[in-house]
Amino acid sequence: MASQSRAAEPALKGLDFGINEWLVDEQYERFLHDPDSVGRTWREFFTSPVSLPAQRAGRRATTAHAGSDEAAIKAVRVAALIDAYRARGHLAADTDPLTNGRGDTQPDLDITAFGLRDDDLPEEFAVDGFTGRTTMTLHSVLNALQESYCRTVGTEYTHIRSSQERLWIQQRTEATSPRPDVAEQLQILYRLGAAEAFETFLQTKYVGQKRYSLEGGESAIVLLDALLLRCIRQGMSEAVIGMAHRGRLNVLANIIGKSYSDIFHEFEDAADVRSVQGSGDVKYHLGAEGTYRALDGHALAVSVVANPSHLEVVGPVAQGVVRAKQDQAVGGAQTDPILPIVIHGDSAFAGQGVVSETLNMSQLPGYRTGGTVHVVINNQLGFTTSPANGRSSTYATDVARSVDAPIFHVNGDDPEAVVRVARLAFDYRETFHKDVVVDLICYRRHGHSEVDDPSITQPAMYDRINDRPSVRKLYAEALIRRGDIGERQVDGALRDYQGHLERAFTETRALPVAPSPVPQHFADVQKAAPSAVSTAITEATARHVVAVQTDPPEGFTVHARVAPQLLRRATMLDAGTIDWATAESLAIGSLLMDGVPVRLAGQDSRRGTFGQRHAVLTDRHNGVEHTPLNSLGSGAAELAIYDSSLSEMGALAFEYGYSLARPDALVLWEAQFGDFANGAQTVVDEYISSSEQKWGQRSGLTLLLPHGLEGQGPDHSSGRIERFLQLCAQDNMTVAMPSLPGNYFHLLRRQALGDRKKPLVVFTPKSMLRSKAATSGLAELTDGAFRAVIPDDTVDADRIKRVLVCSGKVFFDLDAHRRKADQTDTAIVRLERLYPFPEEEITAELARFPAGAEVRWVQEEAQNQGAWSFVGPRLERLADQPVACISRPDAPAPAVGSARRHSGEQRDLVLSAFN
């Protein structure tokens with residue numbers, strides 16, 4: 001390799017490629033890394049130095065030396081021209097339907113930029129297999145390059161590092177594409193007609209209603225049709241679509257198979273909000289499951305995931321749904337039998353960071369789905385924001401280059417090219433199991449919504465749009481002009497589809513209007529509590545779960561710092577000192593033995609942020625990994641535990657989607673610190689807390705949020721209890737802060753085994769992980785159950801003058817002070833479940849004490865944070881007296897930055913609780 005590089009250097013220095021010098025450098029770098037990754041012409045050029053007279057002549061080489069050296073040099077220049085088109089031809093492609101067939105002129109693609117001239121056009125040059133030929137005239141080369149790279153498809157793929165992938169795309173891009181037969185043309189025309197007729201029908205019948213139409217981008221239906229046909233032919237079982245609201249109703253009608261009458265009912269506002277949709281959502285956010293029916297009679301299960309207006313967050317949700325379904329698929333020849341399709345808007349794809357997060361997850365072990373087909377419906381406009389103000393990149397899709405995804409830019413007004421690209425994208429995904437992007441460049445015929453006037457901010461653009469016929473009309477005219485089909489076929493297909501719509505509309509209007517529903521009130525207490533479920537385990541089960549953690553495979557060397565921790569877990573069972581990590585492993589292990597799969601993902605979750613979990617062991621000598629809880633026996637379910645990327649929003653959205661499709665599994669997401677959930681607030685607000693009310697969508701996802709003020713500063717203290725409690729209503733989720741490992745154990749098992757799936761938010765400990773005071777005995781696991789309230793059984797109830805109610809770690813500080821000060825007149829009651837608020841248990845506990853006993857709420861968080869604003873009114877009502885809040889004073893930050901100041905504050909807080 002060294003000799004090759006030295007030989008090539010004189011040639012590189014002696015030849016002038018002007019503004020395309022970058023291309024030679026790029027080819028040379030590839031050659032140095034792998035000589036077979038470049039064409040033969042480049043290999044010969046880099047391994048055979050050009051003659052010294054040619055080097056000295058420099059730019060005059062073409063006129064001073066007309067022999068074999070000149071021919072070789074020109075062959076290299078032609079090779080550089082070909083590779084320049086491969087790398088940059090997309091910039092000159094005719095992909096914008098609003099430019100009337102004019103791509104951007106690219107000076108660096110002109111032959112003169114490569115030292116070639118017009119009189120070279122008839123000359124034959126070696127082309128190293130370009131278009132399957134060994135030699136071609138320069139004129140033929142240019143025609144072929146224009147046809148392959150500068151028509152209505154612009155292909156970006158030379159950024160991909162894999163030479164195998166580049167060659168695969170290159171060969172298919174440069175091959176001659178046969179024109180579709182009449183049957184395929186009629187299918188394209190039918191799909192375009194269906195898409196257009198649906199939108200114009202809604203525009204006519206429901207004037208002024210928002211629907212976020214697909215007009216201008218109707219080829220998206222053709223694209224989806226081509227993808228799903230490919231799925232059927234590949235033997236796939238299902239496709240899952242994630243998309244925002246643009247074109248959603250059209251996709252539901254023409255791809256998912258949602259009935260027109262159901263859609264019209266939603267426009268009539270006739271849906272009953274007491275249905276499974278709860279209080280409901282706007283029609284262009286709703287999800288659906290259906291069957292895609294091809295025109296040839298074949299069918300495929302297909303679904304669209306419900307989404308909020310936070311456009312791109314649906315992407316990782318859809319990925320999670322697909323991964324869960326794939327994990328459930330057993331057997332069959334298809335490796336990834338479910339296709340994820342995510343449809344984006346151009347502004348959102350470039351502007352929203354969750355896109356990058358999700359792309360980054362695409363090849364990670366815990367998140368890969370075998371490749372996603374991303375479709376960008378590129379309106380060339382945001383709401384009113386132009387690309388010049390909406391992104392810094394050339395294309396809206398440039399972020400996808402970060403994961404070596406190929407990007408196909410296609411003119412939305414060339415539906416035949418759209419079909420070719422859809423097939424190519426699908427085949428790439430199937431071949432390489434990677435993400436691929438189709439940038440469908442089109443336009444938006446109306447404003448962001450149909451009531452908006454876009455000409456106010458883009459007058460010139462909308463003058464062109466208003467003058468432009470629809471893609472269906474343009475395609476029909478082209479087919480008639482070419483003689484492929486007749487006018488009768490064109491008109492017949494459109495009339496047939498319009499007839500279906502009119503009949504459905506008439507039937508919808510004939511139905512009686514549903515009466516206004518009476519709002520349904522949900523109890524915040526346990527009127528709708530889940531049925532009792534046994535969460536205790538046998539002692540034999542506990543010992544078996546611990547044993548597999550302390551018995552590594554033969555020849556496996558556990559790290560010297562980890563082995564003692566695992567061995568201590570065995571002694572804890574007998575000593576009655578089960579800590580949090582052991583209790584958690586017992587909960588998960590026993591669930592696996594019960595046949596319940598468990599998935600846990602988060603940042604550093606396999607080891608545990610605080611070095612407590614060690615669910616996956618790494619051999620000290622060879623790096624081999626071992627997951628002890630996957631050695632429980634042949635009948636046990638699988639533990640899937642993953643370290644996530646450094647992402648919150650994308651990662652949590654993925655786990656939410658996973659939990660939807662796997663109600664049989666315990667699915668947990670763990671934040672590195674509780675406050676890191678801030679980065680996923682959109683997921684909490686739009687999905688976890690409200691999806692059941694909006695969409696009738698139930699999730700059993702569990703969030704583990706390490707929480708506690710321990711002098712670590714503002715950013716590693718609070719899981720923001722107050723934010724979650726603010727979202728609690730209508731029995732939508734469970735929020736808990738257990739203070740004992742045994743209660744945590746039962747909480748996890750209850751979440752997995754209960755018959756009502758609700759999200760669970762657990763504020764987990766940090767310092768308490770190793771606290772001797774915060775341990776549990778084996779009997780608590782074998783005989784007990786989850787306790788929403790832990791009563792104070794250490795005091796004489798009749799002598800109590802003060803009752804402190806608290807949650808979490810602060811109990812141990814309060815209890816330590818009480819013991820030290822011997823204040824036997826104070827009871828400390830632990831509220832372990834904050835929501836649903838355990839009114840019956842609290843009422844029963846307060847009734848044990850004298851009526852005159854003062855009740856106080858104690859929290860270590862600031863008064864404007866923590867649980868006080870939620871718990872206070874409820875506690876006062878149950879205590880039938882004013883309840884004081886003992887806390888830190890109101891503060892904008894969760895905690896102070898000084899450990900010394902924190903200790904002083906904590907000491908004062910504890911003293912105040914007893915004064």
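Visitor: Which way do the residues of strand β3 (residues 153-156) point, and are they buried or exposed?

Guide: Val-153 and Thr-155 point one way and Gly-154 and Glu-156 the other, and all are buried. Buried here means under 20% relative accessible area, with exposed over 50% and partly exposed in between (1.4 Å probe, protein chains only). A strand is a DSSP run of E with at least two residues, while a helix is a run of H or I with at least four, both numbered from the N terminus. This is a predicted model, in which local features need pLDDT of at least 70, side-chain atom pairs count only at pLDDT 80 or more, and totals for chains, interfaces and linings use all residues. Residues are numbered from 1 along each chain as its sequence is written, and side-chain values use heavy atoms, with hydrogens and water left out.

Visitor: What makes β3 and strand β9 (residues 407-411) a pair?

Guide: Two strands pair if DSSP finds at least two bridges between them. Four bridges join β3 to β9, so the two strands, which run antiparallel, qualify as a pair. Glu-156 has Ile-407 as its bridge partner in β9.

Visitor: Which residues have the most contacts inside the largest nonpolar core?

Guide: They are Trp-42, Ile-241 and Ile-341, in a core of 114 residues. Helix α10 (residues 219-234) gives the largest share, 11 residues. The name "nonpolar core" applies to a set of buried Ala, Val, Leu, Ile, Met, Phe, Trp, Tyr and Cys residues joined through side-chain atoms within 4.5 Å.

Visitor: What is Ile-241 in contact with, leaving aside its neighbours within four places in sequence?

Guide: Its contacts include Val-251, Val-302, Ile-341 and Ile-343. Contact means heavy atoms within 4.5 Å.

Visitor: Why is Asp-731 called buried?

Guide: Its relative accessible area is 9%, and the limit for buried is under 20%, so the term applies.

Visitor: What kind of peptide bond joins Tyr-835 and Pro-836?

Guide: The bond is cis, with omega about -5 degrees. Most peptide bonds are trans. Pro-836 is found in the loop between β22 (833-835) and α31 (839-846).
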